[in-house]
Amino acid sequence: ASSDSCNTFVDRKSAADFIGTLSFHNLKRFKAEIEKAQGLDSYLFVVIEDTLESVIIEAKKFRKNSSYAFVFHNMREICHKYPRRVQFLFSGSREKSQALIPKLLVHGRRLWKTDLQYYIDRKKI
């Protein structure tokens with residue numbers, strides 16, 4: 001692998017996994033993973049196998065104490081706290097995630113400062 005892919009990691013999640021990860025009970029552990037990546041000069045792409053709209057619908061029916069507002073508040077907080085270490089990407093489907101992930105790993109560091117959701121939404125990736 002090229003040096004561009006070094007220190008680039010991908011965590012693929014279903015909508016329910018994403019909601020669970022950013023819920024009250026798992027948030028501390030997930031933040032610890034990002035802090036570990038930060039300490040290793042690494043970057044984490046969290047690829048969610050659904051659209052943002054579908055995740056919101058799923059979050060609304062998931063659990064009372066994991067409302068979609070709470071989940072997305074946590075996502076925004078993580079993005080602000082670790083601006084150069086993590087990016088959440090809503091691919092739209094499992095198949096699109098499977099096509100996207102190898103690209104993330106091949107291009108690695110060159111993508112760390114790119115808003116990839118912009119390109120996913122415009123079907124450029």
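The dialogue below goes through helices, cores, salt bridges and a loop residue.

Mentor: Please keep in mind that this is a predicted model, in which local features need pLDDT of at least 70 and side-chain atom pairs count only at pLDDT 80 or more, whereas totals for chains, interfaces and linings use all residues. Residues are numbered from 1 along each chain as its sequence is written, and side-chain values use heavy atoms, with hydrogens and water left out.

Trainee: How many residues does α2 have, and how far does it reach from its first C-alpha to its last?

Mentor: Helices here are DSSP runs (H or I, at least four residues) and strands likewise (E, at least two), numbered from the N terminus, and the expected span of a helix is 1.5 Å times one less than its number of residues. In this structure α2 has 16 residues and reaches 24 Å between its end C-alpha atoms, close to the 22 Å expected.

Trainee: Which residues of α2 are buried, and which exposed residues does the face turned away from its buried side carry?

Mentor: Buried means under 20% relative accessible area, exposed over 50%, and partly exposed in between, with a 1.4 Å probe and protein chains only. The buried residues of α2 are L27, F30, K31, I34 and A37. They cover an arc of only 115 degrees around the axis, which puts them on the same side of α2; the arc is that of the directions from the helix axis to the C-beta atoms. The face turned away from that buried side carries the exposed residues H25, K28, K36 and G39. What covers the buried residues includes β1, α1, β2, α4 and β3, where contact means heavy atoms within 4.5 Å. After α2 comes D41, whose phi is positive, near 50 degrees.

Trainee: Which residues of α5 are buried, and what do they pack against?

Mentor: In α5, the residues S97, L100, I101 and L104 are buried, and the buried residues of this helix pack against β1 (8–13), β2, β3 and α6 (116–121). Just after α5, G108 takes a positive phi of about 40 degrees.

Trainee: Which residues touch the most other members in the largest nonpolar core?

Mentor: A nonpolar core is a set of buried Ala, Val, Leu, Ile, Met, Phe, Trp, Tyr and Cys residues joined through side-chain atoms within 4.5 Å. The largest one here has 20 residues, of which F18, L22, F30, V55, I78, V86 and F88 touch the most other members. The elements giving two or more residues to this core are α1, α2, β2 (43–48), α3 (52–62), α4 (68–81) and β3 (86–90), and the largest share, four residues, comes from α4. A second, separate core of eleven residues includes Y43, F45, L111 and W112. Returning to F88, its contacts, not counting residues up to four places away in sequence, include F18, L22, F30, V46 and I48.

Trainee: How many salt bridges does the structure hold?

Mentor: A salt bridge is a side-chain nitrogen of Lys or Arg within 4 Å of a carboxyl oxygen of Asp or Glu, and the structure holds seven. One of them joins R12 and E49, with the closest N and O atoms 2.9 Å apart. R12 lies in strand β1 and E49 in the loop between β2 and α3, so the pair ties together parts that are 37 residues apart in sequence. R12 is partly exposed at 36% relative accessible area, whereas E49, at 15%, counts as buried.

Trainee: What is the separation of E33 and R29 in helix α2?

Mentor: E33 and R29 are four residues apart in helix α2 and therefore separated by about one helical turn; they form a salt bridge in which the closest N and O atoms are 2.6 Å apart. K81 and E35 also meet in a salt bridge, at 3.9 Å from N to O. K81 lies in helix α4 and E35 in helix α2, so this pair ties together parts that are 46 residues apart in sequence.

Trainee: Where is S23 placed, and is S23 buried or exposed?

Mentor: S23 sits in the loop between α1 (15–21) and α2 (24–39), and at 1% relative accessibility it counts as buried. The side chain of S23 reaches the backbone oxygen of G20 at 2.7 Å. A polar contact is a pair of N or O atoms within 3.5 Å; within protein, one must be able to donate a hydrogen and the other to accept it, and residues adjacent in sequence count only if both atoms are side-chain atoms.
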